[in-house]
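Reader: I'd like to learn how to read a sheet in a structure like this one. Can you walk me through it?

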Amino acid sequence: MQGFKKSELEKKQILKMKSLILLLIFPLLIFSCTKKVLRPKLIGVIIDENGVPVDSCKVGETFTDKNGRFELSEITEMGFVSLFGRNPIFIDEEIIKTGYEKRHLSAQSGRGGVSEGSIWDMDTIRLRKINTDFSTIELKDVWVAGITKN
């Protein structure tokens, strides 16, 4: 009879320990879910080679206004806190406007991620017009040639 009670007591202690462990782990799992920034808010200006703002230029999923300004909103997701720190951020957004060469808006955060609410100012981005209509070029006595390497 005594051996039976001892094993019952052990079972109750084990059950209490399991309950305590679950009570400690459950809040840890809940509070370890945080917002991770996949892309911070990006702002900047698009101009042409003459310094004129480019209106209605597509930058990522948005368009520039009449002053060439764009604003890409922050993208976040819920995820678990990493013991190894935040993941670095790599940005690559297309810049497209008919009549201009296509460009890419590229940036990265270096070693770690960024905090929620961060704003990256991408400054001024210059687009070059595409000149494919050679029928409008008049050649005179003096020719000037220029070569650029892309």
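Predicted model: local features only at pLDDT ≥ 70, side-chain atom pairs only at ≥ 80, totals over all residues.

Reader: How many bridges join β2 to β9, and do they run parallel or antiparallel?

Author: The general idea is that strands of a sheet pair through backbone hydrogen bonds, either parallel or antiparallel. Here β2 and β9 run parallel, joined by seven bridges. On the other hand, β2 (residues 41–48) pairs with β5 in the antiparallel sense, over four bridges. Look at Val-45: Thr-124 is its bridge partner in β9, and Arg-69 stands opposite it in β5.

Reader: What order do the strands take in the open sheet?

Author: The order is β5-β2-β9, three strands with mixed pairing. Because β5 and β9 (119–127) each have a single partner strand, they stand at the edges, and one side of each has no neighbour in the sheet. From one strand to the next, the twist averages 20 degrees.

Reader: Which residues of β5 are on the covered face, and which on the uncovered one?

Author: In a regular strand, side chains alternate between the two faces of the sheet. In β5 (residues 69–72), Phe-70 and Leu-72 make up the covered face, while Arg-69 and Glu-71 are on the uncovered one.

Reader: Now strand β7 (residues 90–96), where Glu-93 has its place. Why does Glu-93 count as buried?

Author: Buried means under 20% relative accessible area, and Glu-93 counts as buried because its relative accessibility is 15%. Its side chain makes a polar contact with the side chain of Arg-39 (3.0 Å). Among the residues Glu-93 touches are Gly-60, Leu-72 and His-104.

Key
Residues numbered from 1 in each chain as written. Heavy atoms only, no water. Buried < 20%, exposed > 50% of the residue type's maximum accessible area, 1.4 Å probe, protein only. Helix = DSSP H or I, 4+ residues; strand = E, 2+ residues; numbered from the N terminus. Pairing = 2+ DSSP bridges. Polar contact = N/O pair within 3.5 Å; in protein donor to acceptor, adjacent residues only side chain to side chain. Contact = heavy atoms within 4.5 Å. Axes fitted to C-alpha atoms, helices over the stretch in contact; angles between N-to-C directions. Lists of a residue's contacts leave out its neighbours within four places in sequence.
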